[in-house]
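Please look over the model shown here.

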Amino acid sequence: MPGIEKLPIDETLEDSPQTRSLLGVFEEDTAAMSNYCTQLYQAMNRIYDAQNELSAATHLTSRLLKEYDKQRFPLGGDDEVMSSTLQQFAKVIDELSSCHAVLSTQLADAMMFPITQFKERDLKEILTLKEVFQIASDDHDTAINRYSRLSKKRDNDKLRAEVVEDVYTSRKKQHQTMMHYFCSLNTLQYKKKTALLEPLLGYMQAQISFFKLGSENLTQQWEDFLGTIGTSVQNVRREMEEEVGQMQQTIQQMERSCDPLYAPCDPDPVHSPVCRSLTRKQGYLYIRNKTGLVSSSWERQYFFTQGGNLMQQGRGEVAGGLVTDLDNCSVMAVDSDDRRFCFQVTSFDGKKVVTLQAESRKDCEEWIATINNISKRIYLSENAEELAARVNQSALEAVTPSPSFQQRHESMRPSSKGRTGRASSISSVGSEPSPALSVLSLDALVAPETPIQFDIISPVSEELSGQSKAAAQSGRRSNPFGESGDGTAEDSEDSILHQLFIVRFLGSMEVRTTESVDVISETMRQILAARAIHNIFRMTESHLLVTCDCLKLIDPQTQVTRLRFPLSSVIQCSSHQDNKRLFGFVLESPGGRAVCYIFESNNDGEKICDSVGLAKQIAFHSEMDRKAVEKRKEEDKAKEKQQEELSKQRQIEKDLEEQSRLIAASSRPANPPPSDGQFLVLSNSQSEDSDAGGEDGKKKGESEA
């Protein structure tokens, strides 16, 4: 006999859609077998009841046996051994159909009793278990829906205890009923073979006894054939009994081990810790569906991860449907007014947001950790779970001091005896330690006792009071968001470079040095480790505008500038070594402090760093051009001034020559004074010049004379 198809009893507690689909196949097979058994029973009943029509009844039986291979059984329909055996029986029965007239007693005991027992006891028992299982399943759905609708604001201990007890009772009843139902369906796969073969075997044995082993139609060959079939039936029955015993043991073990899992509350974290290294997960979740502008409804579906996708599947569905793409997505726990244990999955482009509800806090945290691991594409590696565990372990060790490093750090700083030193491995998450930082302490990069800021706080918030006072004195309205109204927007609009990126703020912290190239990697490691330890998944999404003058963080909803960094204060900018979506830059504040800001982008972080570098280059060249233009203007002004001095000097020399000529002409003795009484009157300037240059005038006059 070929292998027997069986339902997995160990998957009854999970109650996945795949198990329900397989159960539907078994139920369809049971219905087909019941229909076929009913027809066979009617045929054998005609043999027993109608002795005059025995020939016609046996002929009908033979015909039904010949049509066995044409039946569409979902399970075992291509059983060649069973089909060939029934064909042989059909041949024998067809030969003996006209020879039997009086076999009522033998047929009642050997033929009608087994088929009647199979039809009236086994098949009806399965139908009864099916109805009980359906009722238990409906009760469990009602109880779990009532538990999920527990109000978060109006928490009633008595009501919650009653609902939890109801869920426990209904889940236990469904699980036990489902296991017994599966056991009966698996047993039917064995019984349907014996239920068909035993009546036929009894019928043939009655025929042999009736003809006293001397019938012409029954030879030694048929006896051997019937003996082989009888041995096969006994083997099937023995295998069925062994399998039933194993299934009963499995049911007892699962009833004992699954008892703590019936309650929907969080299990003991000591015995059932949260696993953060998963790259695949499946289970039932509630999904929020919008039914209107402000209204929504929750629907319970079976969710599972397939590669980099989140899939959902309803009961009775053959395959699942795509919910969202998990590559480069973001996930975080959210607070809901009417539901607990909710989390939100946002696609990489921010266009699709899915809100889901888990059954417990442990299940919620495992879903968040699994989606985070899939978002980082850890599932594409060969040892995905080991890599995910190593990444999470690195995040835990990032904030755990190392004793050996602590001793070495204290030995390098003898003056730090009275102070508790902070030390950890200087390595970024998922990357190798930098050689430049192998001998440096943590305090060499990050200032000790530095708090990490996980939300955006404008650096000009401390100056808002002064700005508001100045705005009140000048009669201008102050901006409550920290923006100045000095026309910086108009200046930025005239900038050559305008690039906009979608980023999410991860955190910022003060750093001690700005010269090391690894200060940004160390800050990333600190912030990511702190987020992993404290389960901080909320991130503020903004638009980063890169211009030649400054960097701006703009609120995507209100278009209000949250932060503004002058480009001259950005000291360095770089991305993560392994995860190129992470980038950061170090900003030098006016007070002399250096602060490192870390972001996560939808695009490549290197592109943003290149854009910032390009902006600094453009600003540098613009400054050089401006200085060159100013220098050229100064040179032009100096030349103009020199030309003015030179033209003024030439004009003075020309005036001197004219005065000298007049003086020389007036000092000639041959010229008599005018007779008509006219006098030569010199101007004051000419007289002064003549007095100053008298000697030169005399010499010039003598030369002219």
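## Overall picture

This is a predicted model. The protein has 705 residues, of which 41% count as buried. Its secondary structure comprises 15 helices and 14 strands.

Residues 24 or more positions apart account for 68% of them.

## The seven-stranded sheet

An open sheet is built from 7 strands. Their order is β11-β10-β9-β8-β14-β13-β12, with antiparallel pairing. β11 (561–566) and β12 (570–575) are the edge strands, and each of these pairs on one side only. On average, neighbouring strands of this sheet are turned by 30° against each other, direction ignored.

Strand β8 covers residues 498–511, and strand β9 covers residues 540–547. The two run antiparallel and are joined by 8 bridges. In this pairing, I502 stands opposite H543 of β9. As background, strands of a sheet pair through backbone hydrogen bonds.

## Helices on the sheet

Which strands does helix α12 lie across? Helix α12, residues 519–534, lies across β8, β12, β13 (582–588) and β14 (594–601). The helix runs at about 80° to β8.

Helix α13, residues 605–666, also packs on the sheet. Its contacts are with β8, β9, β10 (550–554), β12, β13 and β14. The direction of α13 makes about 155° with that of β12.

## The α1 and α2 pair

Two packed helices are described by the angle between their axes and the distance between the axes. Helix α1 spans residues 17–49, and helix α2 spans residues 54–66. They pack at an angle of about 155°, with axes 8 Å apart. Angles over 145 degrees count as roughly antiparallel, so α1 and α2 are roughly antiparallel to each other. Their crossing is left-handed.

From α1, the contact involves Y36, Q39, L40, A43, M44, R46 and I47. They meet L54, A56, A57, T58, L60, T61, L64 and L65 of α2. By class, the contact of α1 with α2 has 11 nonpolar, 3 polar and 1 charged residues.

Is R20 buried or exposed? Buried means under 20% relative accessible area, and R20 has 17% relative accessibility, so R20 counts as buried. Leaving aside neighbours within four places in sequence, R20 is in contact with D15, F133, S137, Q174, M178 and R315.

D327 sits in the loop between β4 (321–325) and β5 (330–334). Its relative accessible area is 15%, so D327 is buried. Setting aside neighbours within four places in sequence, D327 is in contact with G308, F348, I374, S375, R377 and Y379. The C-alpha atoms of D327 and S347 are separated by 7.9 Å, and these residues are 20 apart along the chain.

R280 occupies the loop between α6 (220–257) and β1 (282–290). Exposed means over 50% relative accessible area, and R280 has 64%, so R280 is exposed. Not counting residues up to four places away in sequence, R280 touches T305 and T370. R280 and Y379 are 99 residues apart in sequence. In space, C-alpha to C-alpha, R280 and Y379 are 8.3 Å apart. Y379 is also one of the contacts of D327.

Notes:
Residues numbered from 1 in each chain as written. Predicted model: local features only at pLDDT ≥ 70, side-chain atom pairs only at ≥ 80, totals over all residues. Heavy atoms only, no water. Pairing = 2+ DSSP bridges. Helix = DSSP H or I, 4+ residues; strand = E, 2+ residues; numbered from the N terminus. Axes fitted to C-alpha atoms, helices over the stretch in contact; angles between N-to-C directions. Contact = heavy atoms within 4.5 Å. Parallel < 35°, antiparallel > 145°, perpendicular 65-115°, else oblique. Left-handed = near helix turned anticlockwise from the far one by under 90°. Nonpolar A, V, L, I, M, F, W, Y, C, P; charged D, E, K, R; others polar. Buried < 20%, exposed > 50% of the residue type's maximum accessible area, 1.4 Å probe, protein only.
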